[in-house]
Amino acid sequence: MRMDGKKVRNTMTTVREAGLSRPEAGLDPRLTSNGATKEVEECHVSQKLAVLQEESLKPIKEDLAEWIARTLGIEITTDDFMDVLDNGVYLCNLAKLIQSKAEECVRNGDYTEPLPKVSLKYRNNATPGSWFARDNTANFLNWCKAYGMADDQMFETEYLVSHTGEKSVLMTILELARIGYKFGLDPPNLIRMEKEIEKEEEVVEVKPQKPTGLDAEVIPIATTENVFDLDAEVRRIAFLCKCHDHVKKLGEGKYLIFGKVVQIRFLKNRHLMVRVGGGWDTLENYLIHHRPVQVFEHKRLIVGEPPDIGNKYLYFKSKYKSHAQVASEQNGHAH
């Protein structure tokens, strides 16, 4: 039976409706245990989670910035990433370069399928935030679509021009790099890792070893001596996130996390990255956002309404620490 989304309740809402925080009991239902209003606390948690999300994007942005700098011969860093790209010119340059590589592959017989007939025009002197910047970006996205990029892999024009959707921009550029790799363009490190994983999965594997849990032992912090020990760093982060019982090694770079098999790789020997669907995430962010929850279905009778229509709601009970607790703890560590 389809649930009414408006009747999905989180834990705090359920507790309040159960009468455990009533004004007549001398408690203001708007106050949390530390005296702050729920609105203030929720705002703080949202801000903290946004910071965590931004931190998880840094390795990807760093890798793509280095790739763009190397490919186009320009200066671009993680600090000015969006500022450099927001008029669409360099993205169009990348597309033009990939198109020339594709045409070269066809001439050499390395690629036999017909190429899209698309003309990419743009203004090199477009001012950031201007209509011409938007036109450049829209033309770039049209080119991406012609070369097979799906709609859900492309950012909205305003995301780049107004700097409002950095994650979507990064994912589009990552997909652009995959298209370039198909035609022989030197890829970012993340794409290299993807291809390594694909080759490994193509090889007929011998019988995998029995999964081993992360035993309760002291895990050393990565140093220059053991920085290349991927498993040691995975174990260290799992212990820090207090979910080591749910992280099991299956093979080299392959782990079972919360019941799901994932591939983990070192990016530039600094960042532990998890292969997630068609993209990547940092291991720490992956663990934080994939904590399982227990879900219970409850039925509430409402006078005047049929007992089986629109009266069900869900009660979520976190089996691990909630995002709010994680954000609160990390904020405490920051101080």
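This is a predicted model: local features need pLDDT of at least 70, side-chain atom pairs count only at pLDDT 80 or more; totals for chains, interfaces and linings use all residues.
Local features were considered at pLDDT of at least 70 and side-chain atom pairs only at pLDDT 80 or more, whereas totals for chains, interfaces and linings use all residues. Residues are numbered from 1 along each chain as its sequence is written, and side-chain values use heavy atoms, with hydrogens and water left out.

Helix α4 (residues 89–108) packs against helix α5 (residues 131–146) at an angle of about 30°, the axes being 9 Å apart; the two helices are therefore roughly parallel to each other (angles under 35 degrees). On the α4 side the contact (heavy atoms within 4.5 Å) is made by Val89, Leu91, Cys92, Ala95, Ile98 and Gln99, and on the α5 side by Asn136, Phe140 and Trp143.

Phe140 is also among the residues with the most contacts inside the largest nonpolar core, which has 46 residues, the others being Ile68, Phe81, Leu85 and Ile173. Such a core is a set of buried Ala, Val, Leu, Ile, Met, Phe, Trp, Tyr and Cys residues joined through side-chain atoms within 4.5 Å, with buried meaning under 20% relative accessible area (1.4 Å probe, protein chains only). Leaving aside neighbours within four places in sequence, Phe81 is in contact with Lys61, Leu64, Ala65, Ile68, Ile76, Leu170 and Ile173.

Cys241, in the loop between α9 (230–240) and β1 (247–251), counts as buried at 10% relative accessibility. Its C-alpha atom is separated by 7.5 Å from that of Glu284, 43 residues apart along the chain, and, with neighbours within four places in sequence left aside, Cys241 is in contact with Glu284, Leu287 and Arg291.

Note on methods. Axes are lines fitted to C-alpha atoms, for helices over the stretch in contact, and angles run from 0 to 180 degrees between N-to-C directions. Helices (H or I, at least four residues) and strands (E, at least two) are DSSP runs, numbered from the N terminus. Angles under 35 degrees count as roughly parallel, over 145 as roughly antiparallel, 65 to 115 as roughly perpendicular and the rest as oblique. Buried means under 20% relative accessible area, exposed over 50%, partly exposed in between (1.4 Å probe, protein chains only).
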